[in-house]
Amino acid sequence: MDLALKPEHKAFADEVRAFARATLSPATRAKSFSGKHYDRDDHMAWQQALGSKGWLAYTWPKKYGGPGWDVTQRFLFENVLAEEGAPRIIPFGPKMVGPVIYTFGSDEQKQRFLPGIRASTVSWCQGYSEPGAGSDLANLRTRAVRDGDHYVVNGQKTWTSYAHWADWIFCLVRTDTEAKPQQGISFLLIDMKTPGVTVRPIIMLDGAHAVNDVFLDNVRVPVANRIGKENEGWTCAKFLLANERLGIAEVPASKRGVRSLRELNDDPSLNEKIADIDLQVQALEMSELRALSTMALGGAPGPEVSTLKVRGSEIQQRIAELAMEAVGEYAAPYQPDLLFRDTNETPVGPDHAPPAAPRYFNMRKTSIYGGSTEVQKNIVSKAILGL
Amino acid sequence: MDLAFTPEEQKFAADVRAFVKANLPADVRDKVKNGKHLGRDDYMRWQQALGKKGWLVYTWPKKYGGPGFTPAERYIFENICAEEYAPGIIPFGTKMVGPVIYTFGSDEQKAKYLPAIRESTVWWCQGYSEPGSGSDLASLRTKAEKDGDHYIVNGSKTWNTMGHWADWIFCLVRTDSRTKPQEGISFLLIDMKTPGITVKPIIMMDGGHEVNEVFFDNVKVPLANLVGKENEGWTCAKFLLANERLGIAAVPQSKRGVEALKEIARAEQDNGRPLIENQGFAEKIADLEIQVTALEYTELRVLSQMAHGGQPGPEVSGLKIRGSEIQQRITELTMEAIGEYSAPYLPGLLWHGTNEAPVGPDYAHLAAPRYFNTRKTTIYGGSNEIQKGIISKMVLGL
Amino acid sequence: MDLSLSDEQKQLQDAAERFVRDKYTFENRRKIVATEKGFLPENWAQMAELGWLGMSFSEADGGYGGGPIETMIVMEQFGKGLVLEPFLPTVVLGGGMIASAGTAAQKEAQLAPMIEGKKQLAFAWLERQSRYNLADVSLKATKEGNGWSLSGHKGVVYNAPSADTVIVLARTSGGAREEKGLTLFLVDGKAKGLTRRDYPTQDALRASELTFDKVSVDTDAVLGTVDTAFPTVEEAVDRAIVALCAEATGCMDAINAATLEYIKTRKQFGVPIGKFQVLQHRMVDCFTNAQEARSMTLMASLKIDDKDAIVRRKAASRAKVQIGKSGKFCGQSAVQMHGGMGVTDELAVSHYFKRLTMIDLMFGNQQHHLTRYSAPCWTPSRSWRSPPSGPSATKWPARPSR
Ligand SMILES: Cc1cc2nc3c(=O)[nH]c(=O)nc-3n(C[C@H](O)[C@H](O)[C@H](O)COP(=O)(O)OP(=O)(O)OC[C@H]3O[C@@H](n4cnc5c(N)ncnc54)[C@H](O)[C@@H]3O)c2cc1C
Ligand SMILES: Cc1cc2nc3c(=O)[nH]c(=O)nc-3n(C[C@H](O)[C@H](O)[C@H](O)COP(=O)(O)OP(=O)(O)OC[C@H]3O[C@@H](n4cnc5c(N)ncnc54)[C@H](O)[C@@H]3O)c2cc1C
Ligand SMILES: Cc1cc2nc3c(=O)[nH]c(=O)nc-3n(C[C@H](O)[C@H](O)[C@H](O)COP(=O)(O)OP(=O)(O)OC[C@H]3O[C@@H](n4cnc5c(N)ncnc54)[C@H](O)[C@@H]3O)c2cc1C
């Protein structure tokens, strides 16, 4: 048992760091440390740079164009990038639909879609949730009716993150209304430019636009865009949810968060609270390392990763809360231009003050999306504890 | 609306204080002040003194011999008793079965039982819970079958607090097993000396004996001991549980507990300074004090509603929840203040009042047992989970 | 980076598991608690025979060259069974200090017989006013002829009733709470002028109050050098903390397992109470807490050998904070979910709960270690940038060959 890094891993970390320093735009980097929102270009430029290097799809097996890293390399990669102020990789392509396609898709589908994901030339969004299907995802109603070699899709998706930036959406749709809810669902890839697709923004409590309603009105989707068999989409959905839960712990970003907390806080009475959250991040990291270590020995991430998501989201929320506490009353002024647009407006109070409260508000989402904390606990209690 | 006490109320407070000072036996006061365990006789001497004064059943209406205190007077009475280190009044007679009897009992029953409760000459205990029926009280199985002018009772009760000291027990028994569980229950008063009753101690995790199992083996109970109608005992039970939940918040005792904690934190050393000057610890005490105050004012609001004719409703469950958590927190912080000197376990000193010298200060040996013991407050009288279930159904309509 | 146990370590884990399963059923343990010593000498002898008393010491010191991971492995199993034998005071604390500061003669006289199971130790540092400050020591040792004379008081000295040698932290110079001026002495448990008041503790261990009335010892009773004991003590206590954390992890596993089993079988309202979502979620939180405790204990065990004292201290404090928090959560939740049964002496849960409670109070509680961890003079740790020279898997015999 050993925490120490092998020399080749140290060299690897240095390589990643050098790459990030050479490649990441200073403006994007600055946003990471100030807590401002990224725009589409920030993400795209960075992801395409990673793509050219062959590192964007870093969790993929070699066979599908991944770099074939071991768990330690992945861990180092994520940590170094977070430290260097890289935006997090938008997961919908490389972490979600990509693995679904290479696991369940046909050879044609792999050839057609994987390169665009690896290179980040095509951006994806996730069309699972609907107004009536949140925690109870299997209750979804968006209908896909076969019409020759097309499906005609009608319905509404909601909470679709970055749909306004996306070229494609992967959707769960109902192809059989007679069967048990889980058994009549199919997994469809839909080009956002298809006639009948409309995107409407949902403004979040901090004023940000990140999520959307997506309306599907007689949208014609080739049958060739279905992944897996008809009515077996739930298998893909579950596979993906397990993947989603691991990355969502966001440990590297939380470590960065704790570091900035320490740097910007000048109130000694907060020291112990910061120490406490620091501790929680380290415990989470160590738990994740233990999970990774199991995976390295051939295990697959099981339902127990759910607890990582639960703790990870609580920690992200707590960091945002402490950052706001550190700012004190200067968290009150609301300066949307500073948050969302590149203006020269001067902040009221210290530089880090304007994003503090919006970030705290925004982070409430982490215990809701990707399966709420309550739902995660239900899963663990059933699947692991047998209750 | 007014927070200040009127001159009459101030006069009343002075009277109560004078009474307690004059009538609370000094040895009992010392035990309470030092957090020691009380014996049956300790409780009895104090309760009988209160009884003589007519104050023991201070929550009862005048009609049944209560003093007719206003809500403000009740509040003053409870607080001053606690401040002066009077023991808590054992609730089973005065706050539980007494009100059931004067509300649901016959005139003969009132005449027979109420005086002894008012004067504390009889010790009551509560026989509700059974091994298979805790939270799900209505599933109880202790059976009472009619046989002439008697019931024959068979079964077992458990968790009887101070059952080993009791003269009488009030029980929920099953008189009909064919109907819905709630509809076949009756409320019986049983003399603990009746043949067929056995009491077996349950030892708590602090090593103490305060609860018991009570076994009923063909126990003959006169039909006259049935309170209310047969099979309508659940009404009495529910009435009593609502009463129970109010007093159980134990705010005056918790206020006293916070003061005791502060005293300990002043006496304990931390890097050569009194512990109370340690900022982290001082903040924990402050936080606790604020919680106690919030609870106190919530209770005052409920009392004020009751003064205007309302009955305590399910929302008093909230008081029990917070009250019990606060009691636990007090003991937790007291133990934390004492630190490693909480470790020695001195059963002689703790339970048998021996002359054994304490290890460290006298208060140290009590801290951990009290912390362990107080875990009960979120369990008994309806666990906090059950209380929350009640609020969500009855108050929030979920 | 590799977080899996070596084959030898797995064997050790199996052996410790077997020991606990065989010797520490709940009813057996009750009987052991009721014995005069409060532990079984034959269990102690078996631990010696299995090599556990020597496994964490270097071969030069007569041990088998293991380290903190081995200690973690056995302590975790001890926690599962609430083992009563005085491993922590004798091996981790006493043995640890002698190994790190003792002369060859002292090791020969104390450590070797300890490893063979023939000598037990205790560590006396706490005094009434000390709270969690290891330097807040006023028991005085004064020069007297060719040796020293010790006078003063020590409290809650675990295993003192059975200790052949008590390691005493005394003030030889300096003012109250000064780190400099402290010296360790090896004092015979039966020394003249040493009186003991023995008692059980809340969690069924044995401890004593010790009064020193001009207890005379020779110069060679000094462990390490005069006036400079503090770093030795601090390091030994940090190691003991990590070992305690491992024990707590075992306690949490056991109490969680018992609670899970209970809520699956106890029925109310016609269903197992584990069907109620509040209990389900609380149970999940218990497991999450235990997971985190295990993670932190593992991290601390991997870092406690670090040469950098700051890394070491932070590792110990971090784990102790986590254990305090998780232990309280799991303990209180277990009692609550057992309802009335949880507050009785009858089931194992209350016994685990009491042990977890006392572990939090030992060597500094959650609050103390959070303060220690957040002390501004410590730089934030960079866990992987400057990797510690963690211990690698070591070999030690499953059965000693001697
Ligand atoms: C910022 C953001 C981004 C998102 N991005 C996407 C996206 O890109 N694509 C996508 O498909 N979806 C997305 N989601 C949707 C997300 O997955 C859902 O919000 C989530 O599954 C919860 O569903 P809901 O909002 O309908 O809440 P509901 O399901 O209505 O839940 C409301 C509350 O009830 C609780 N609850 C529900 N069922 C249970 C139960 N059985 N037991 C206990 N508690 C329960 C929940 O925990 C929650 O607290 C996003 C959401 C947010 C907030
Ligand atoms: C010290 C002490 C003194 C007592 N004194 C008396 C007395 O004098 N007379 C008397 O009659 N009784 C007395 N009791 C009994 C007390 O009222 C019961 O212990 C209590 O009602 C809980 O029942 P239980 O112990 O059977 O726990 P259970 O009902 O088995 O409950 C176990 C756990 O499951 C939870 N649970 C149960 N049902 C639900 C649900 N529907 N939803 C969510 N959670 C649930 C509980 O909250 C608890 O955490 C005493 C108890 C104690 C501990
Ligand atoms: C309506 C009602 C129902 C009840 N039902 C039950 C029941 O079902 N089962 C049962 O067993 N009991 C029951 N009780 C009894 C009750 O909760 C206590 O047992 C009673 O108040 C006396 O207990 P005590 O002497 O331990 O606490 P008190 O001395 O009254 O102290 C109350 C609190 O103050 C704190 N405190 C007081 N002194 C100190 C000190 N020196 N140091 C630190 N902290 C201190 C403690 O934290 C303690 O929890 C009930 C009481 C009421 C009012």
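Ligand 2 is surrounded by residues from chains B and C, so its site is shared between chains. The model is predicted, with local features requiring pLDDT of at least 70 and side-chain atom pairs pLDDT 80 or more, while totals for chains, interfaces and linings use all residues. Residues are numbered from 1 along each chain as its sequence is written, chains are lettered from A and ligands numbered from 1 in the order in which they are written, and side-chain values use heavy atoms, without hydrogens and water.

The shell around ligand 2 holds 30 residues, counted as near if one of their heavy atoms lies within 4 Å. The closest are Ser135(B), Trp159(B), Thr161(B), Ser383(B) and Gln336(C). A polar side-chain atom of Ser135(B) lies 2.5 Å from an oxygen atom of the ligand, and one of Thr161(B) lies 2.6 Å from a nitrogen atom of ligand 2. Taken alone, ligand 2 exposes 970 Å², of which the protein buries 94% (Shrake-Rupley method, 1.4 Å probe).

Chain C and chain B meet through 49 residues of chain C and 52 residues of chain B, contact being heavy atoms within 4.5 Å. The area buried between them is about 4,100 Å², with 55% from carbon and sulfur atoms; buried area is the accessible area (1.4 Å probe) that two parts lose on being put together, summed over both. In chain C, Arg128(C), Arg131(C) and Gln202(C) lose the most area to chain B, together 18% of what that side buries.

Five salt bridges are counted between chain C and chain B (a side-chain nitrogen of Lys or Arg within 4 Å of a carboxyl oxygen of Asp or Glu). Arg282(C) forms a salt bridge with Glu385(B), with the closest N and O atoms 3.5 Å apart.

Technical notes: A polar contact is a pair of N or O atoms within 3.5 Å; within protein, one must be able to donate a hydrogen and the other to accept it, and residues adjacent in sequence count only if both atoms are side-chain atoms.
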